[in-house]
Amino acid sequence: MPKVPVPKVDGARLVAFDVIRAVAEKDAYANLELSRLLREHRLDGRDAALATELVGGTLRLQGSYDDVLDRLAKGKLDPPVRDALRLGAHQLLSMRVPTHAAVATTVDLVKDRIGHRPAGLVNAVLRRVSERSLDDWLTNRSLAARTSHPQWILDALAEALARPEELDALLAADNERPGVVLVARPGLCDPAELGGAPHPVSPYAVQLEGGDPGAIPAVREGRAGVQDAGSQLVALLLARAEVDGRDERWLDVCAGPGGKAALLAAIAAERGARVLANERQPHRATLVAQGARAARAGLAGVIAGDGTRPAWAESSFDRVLVDAPCSGLGALRRRPESRWRRTEADVTELVPLQVSLLDSAVGALRPGGVVAYATCSPVVAETAGVVQEVLARRPDAELVPATSYLEGIADAESAHLPGAVQLWPHRHGTDAMFVALLRRT
Ligand SMILES: C[S@@+](CC[C@H](N)C(=O)[O-])C[C@H]1O[C@@H](n2cnc3c(N)ncnc32)[C@H](O)[C@@H]1O
């Protein structure tokens with residue numbers, strides 16, 4: 001009888017390795033690549049959970065693991081071998097996988113995906129890794145190595161936070177996998193329908209224990225969605241701000257993929273207003289329309305255009321949201337690879353675009369209308385710096401204290417722009433969203 005080859009490596013580890021390689025080689029987004037490969041390999045339940053932990057944990061803590069591996073491996077490591085070692089190190093140092101299982105499965109993975117040659121090296125290095133705990137390995141190493149953050153990000157976060165005594169807590173929060181938070185879109189879904197626990201930052205937020213949100217009927221129908229509570233607060237602060245007179249025409253300048261536009265449209269529908277959603281990238285504009293389908297009563301339309309060259313008339317909106325493209329350094333826990341992909345140059349390049357988007361958003365407001373400028377980055381240049389530049393350019397804009405609309409959320413004022421809101425993962429259990437409100441005079 002012919003022998004049927006039995007795969008030696010389990011599917012979860014193969015998928016995790018392939019995702020991590022795709023992140024390195026093809027600039028893939030880990031979350032999207034992981035979903036694709038889990039589907040392709042038909043992995044679910046425990047296997048899917050294992051692959052998810054391997055990918056997220058390995059990528060988040062890669063800086064710490066490299067610090068250990070570089071001390072043990074003599075000479076330069078080929079990128080695929082380094083990735084396999086990082087995966088093995090994560091199992092040994094952070095997952096309590098027994099040494100023999102972590103080493104043997106990684107060696108098998110290397111033979112399957114890379115070849116037999118590096119197998120001996122991988123076996124030897126991982127055996128050494130297993131001799132000490134992660135804390136032990138990292139004693140007296142740099143803060144960047146201990147917390148797995150590139151030094152420039154660490155510096156930018158420390159400056160933004162402006163409380164050295166909280167820095168360790170922030171960096172630790174970046175290394176935790178965030179829980180799943182849903183939004184129950186008002187008028188469409190009651191939070192009680194979703195189960196889970198309330199979140200103090202948004203009255204519409206529900207924290208789930210686990211499970212697949214896509215299996216919840218309200219999520220499938222677009223009456224609810226997956227959305228960080230801090231992102232919900234951005235839409236809420238814009239909706240809560242006082243405007244005098246007419247309050248019917250709202251604009252979302254950077255709407256894709258559409259979480260905030262869907263929440264704004266649901267709120268607008270309840271108040272007899274309608275949101276025009278704009279997004280530069282046409283495929284992301286399509287996502288906005290899909291995401292807001294249940295709230296279409298509050299949607300004036302979705303258009304694909306450049307917010308710095310507006311397709312709309314000046315002085316025509318009552319409320320405007322600019323959820324600007326940004327470095328995303330406030331959402332590192334959610335996007336495990338982004339800390340290694342982003343560079344300081346990205347921030348420098350983004351600032352002029354952010355200024356230009358906020359400047360034209362003020363122009364889109366009628367006098368007395370309000371704009372919310374938001375980023376999922378706390379970096380000073382992208383937040384306070386942008387708002388201050390636009391205030392200096394535009395004598396017809398004034399800062400409105402967003403902090404007066406927080407409704408009980410404590411300790412959320414920006415250290416760099418009094419009146420603006422800055423959330424933090426370690427303080428508020430949200431992404432580090434920044435929001436400033438400006439009124440056109
Ligand atoms: C932070 S995301 C917005 C997230 C969105 N508000 C949500 O809640 O799902 C920024 C978006 O701005 C878009 N964008 C970048 N440059 C733009 C421009 N000049 N005009 C309009 N949109 C732009 C990006 O394509 C991206 O989809």
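For my classes, Ala, Val, Leu, Ile, Met, Phe, Trp, Tyr, Cys and Pro are nonpolar, Asp, Glu, Lys and Arg are charged, and the others, Gly among them, are polar.

**Ground rules.** I'm working on a predicted model, where local features need pLDDT of at least 70, side-chain atom pairs count only at pLDDT 80 or more, and totals for chains, interfaces and linings use all residues. Numbering runs from 1 along each chain as its sequence is written, and side-chain values use heavy atoms, with hydrogens and water left out.

**Ligand shell.** I get 21 residues, with Gly258, Glu279, Arg284, Gly307 and Asp323 the closest. By class, the shell has eight nonpolar, seven polar and six charged residues.

Gly258 puts a backbone N or O atom 2.9 Å from a ligand oxygen. For Lys260, a backbone N or O atom is 3.1 Å from an oxygen atom of the ligand. At Arg280, a polar backbone atom sits 3.4 Å from a ligand nitrogen. Taken alone the ligand exposes 600 Å², and the protein buries 90% of that (Shrake-Rupley method, 1.4 Å probe; for residues, only the protein chains shown count as cover). Helix 14 (259–270), strand 6 (274–279) and helix 17 (344–364) each give two or more residues to the shell; helices (H or I, at least four residues) and strands (E, at least two) are DSSP runs numbered from the N terminus.

Most residues other than glycine have a negative phi, and most peptide bonds are trans. I found a cis peptide bond from Gly256 to Pro257, omega near 0 degrees. Pro257 is in the loop between strand 5 (249–252) and helix 14. Asp27, not a glycine, has a positive phi of about 55 degrees, and I place Asp27 in the loop between helix 1 (11–26) and helix 2 (30–40).

On a 1 Å grid over the protein atoms alone, a cavity is a set of points where a 1.4 Å probe fits but cannot get out, and a pocket is an open set with protein on both sides within 12 Å along at least five of seven lines; lining residues have an atom within 4 Å of a point. Points are joined across faces, edges and corners, and a volume is the space filled by probe spheres set on them. The largest cavity comes to about 40 Å³. Its lining includes Ala160, His416 and Phe434, and by class I count five nonpolar, four polar and no charged residues. The second largest pocket has about 410 Å³. Of its 19 lining residues, Leu61, Leu134, Arg146, Ala172 and Asn175 lie nearest the centre.

Note on methods:
Near = heavy atom within 4 Å. Polar contact = N/O pair within 3.5 Å; in protein donor to acceptor, adjacent residues only side chain to side chain.
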